[in-house]
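Here is a short briefing to read beside the structure. Keep the view open and find each part as it comes up.

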Amino acid sequence: MNEEEIKQALLLLLKNIAPDTEPERLKSDDNIRQTLAIDSFDYLQFIIGMDEKFSIQTPEEDYGKISTLKELLTYIGARVKK
Amino acid sequence: MIEFRMPSLGADMESGFLREWRVKPGDRVNRGDIVAEVETQKGLIEVEVFDEGIVGELLIKVDDKVPVGTLMTYILTADETRAGGIEPFREMVAEKKEAKITERKSIKEKIELAAVHHIRASPLAKKLATEKGIDLSKVKGSGPGGAVTREDVEKAVVEKSAPEALPEKSITENIRMAVAAAMSKSNREIPHYYLQTKVDMRRALTWLEELNKQRSVKDRLLPVVLLIKAVAKALKDVPDLNAWWNNGLQLKKDIHIGFVVSLRTGGIIVPAIHDAGKKSVDELMKTLSDIIPRARALKLRSSELADSTITITNIGDGAVETVFGVIYPPQVALIGFGGITEQPWAEKGMLDVRPVLTVSLAADHRATDGNTGKLFLTAVNNYLKQPDQL
């Protein structure tokens, strides 16, 4: 999976969780939760979806490290099998 | 014989459109079965039955607009079925219905007769209108001097047969109007009083963190389930807030907590967490995972919209500390949770920094007094300090 594929997969996950938003318009440094108005419940659903999609395990203490698209791409890129 | 009527799915609901019958006459139903789908301002709602028995004749047609309280069908109990089968029961229902219709008809005819004399219409138009049950006074005439012609009546017949749809408003507007109606009623009728308490959440959050570390992401709990559990436990200690006000205080035995879900497109919807007092934190989390997505998709059951005995609103993240809530009538209390923020905290003569949660209570002063509220918030505060006991 290259970075672009990861990004597209993430945007799709966000779109599924918040169908009435436009994740594709997120800038790479935007705080995702604030920009898309995602509450803690939806955020948990997002992490569940993300862990499933990329076969990773995201511990709770890492939630703070992945608040933007840029951070997410770095985080997942380092964990996903190339 | 139990009458099954259009339920009121909130203080603001006047009527709904029947969109589907999920049962047919003669079907056996049990408590909690879904008998119909009704479209309301709050989306397509699955309407449940609260008795068991055999379904009688379906008295309402699909796509009809049905005012709250309208008889929709009968449920025959097991004893009644044994006594004489469903046939005599059917006749009885038919008779009752017939009597009502005749009564309504005769009044209607009188009114129509009185009106028809003053309406200019061609004889053919009048004849057709009588045959098709069209009210001539409501038909706009296109003939000479505004007289109603046969074509006008024919047009009216076509319009009448088209299924009536919800007014051409978006669901977002409808929800806005439903919230507006309920909140106006609340502000008009309920003398609110407000109390608040600050809770040191360090122990609760540490406990939750440790628990979540051992769990896969799917089984992790959110802090809000601890808050819901603490409220449910405190309500057992102070039951006066778990009630409805309907010309007097009606205490409720079961604790059904309405949980405010805000819709991203605007508006809120408040599904009930049924029997919150009997659910563990894990079960509460499971319930939330079920009702929140369904609330957002506007696919709830009737009991989930009608049963709540108290409401929780969790304003959550962001910089807001305190909620000054508006009670959802006929309930008598609403609990508001602000965001958890780090604050200086004095304890035993020492100053420290703690994650602090502000819990507020808006309560109906007709139903309870400040002392009740104080006991309740103190109980919530104490429970949240002992998370392992929740």
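In this predicted model, Val55(B) stands opposite Ile75(B) in strand E8. The strands E6 (residues 53–55) and E8 (residues 71–76) of chain B pair in the antiparallel sense, over two bridges.

**The open sheet of chain B**
- Strands E6 and E8 belong to an open sheet of four strands, in the order E1-E8-E6-E3 (chain B), and the pairing is antiparallel.
- Strand E1 (2–5) and strand E3 (28–29) of chain B each have a single partner strand, so one side of each is left without a neighbour in the sheet.

**Chain B as a whole**
- Chain B holds ten helices and 19 strands.
- It has 390 residues, and 35% of them count as buried.
- Look at the contacts in chain B with a separation of 6 or more: 63% of them join residues 24 or more positions apart.

**Helix H10 of chain B**
- Helix H10 (residues 370–385) of chain B has 16 residues.
- From first C-alpha to last, H10(B) reaches 23 Å, close to the 22 Å expected at 1.5 Å a residue.
- Its buried residues are Thr372(B), Gly373(B), Phe376(B), Leu377(B), Val380(B), Tyr383(B) and Leu384(B).
- Seen down the axis of H10(B), these buried residues fall within an arc of 125 degrees, so they line one face of the helix.
- An α-helix has 3.6 residues a turn, so residues three or four places apart point the same way.
- The buried residues of H10(B) pack against strand E9 (192–200), helix H6 (202–213), helix H7 (223–237) and strand E19 (350–364) of chain B.

**Where the chains meet**
- The contact between the chains involves 13 residues of chain B and 14 residues of chain A.
- On the side of chain B that touches chain A, H6 and helix H8 (281–296) of chain B each supply at least two residues.
- H6(B) gives the most to that side, with three residues.
- By type, the chain B side divides into four nonpolar, three polar and six charged residues.

**Thr206 of chain B**
- Thr206(B) lies in helix H6 of chain B.
- Is Thr206(B) buried or exposed? Thr206(B) has 12 C-beta neighbours inside 10 Å, so it counts as exposed.
- Thr206(B) and Gly267(B) are 61 residues apart along the chain, and their C-alpha atoms are separated by 34 Å.

**Helix H1 of chain A**
- Helix H1 (residues 3–17) of chain A has 15 residues, which should span 21 Å at 1.5 Å a residue; its end C-alpha atoms are 21 Å apart, which agrees.
- Ile6(A), Leu10(A), Leu13(A), Leu14(A) and Ile17(A) are the buried residues of H1(A).
- The face of H1(A) turned away from its buried side carries the exposed residues Glu4(A), Glu5(A), Gln8(A) and Asn16(A).
- The cover over the buried residues of H1(A) includes helix H2 (32–36), helix H3 (40–54) and helix H4 (69–79) of chain A.

Conventions:
Residues numbered from 1 in each chain as written. Chains lettered and ligands numbered in written order. Predicted model: local features only at pLDDT ≥ 70, side-chain atom pairs only at ≥ 80, totals over all residues. Expected span 1.5 Å × (residues − 1). Buried ≥ 20, exposed ≤ 12 C-beta atoms within 10 Å, placed from the backbone. Arc of directions from axis to C-beta. Contact = placed C-beta atoms within 7 Å. Pairing = 2+ DSSP bridges. Nonpolar A, V, L, I, M, F, W, Y, C, P; charged D, E, K, R; others polar.
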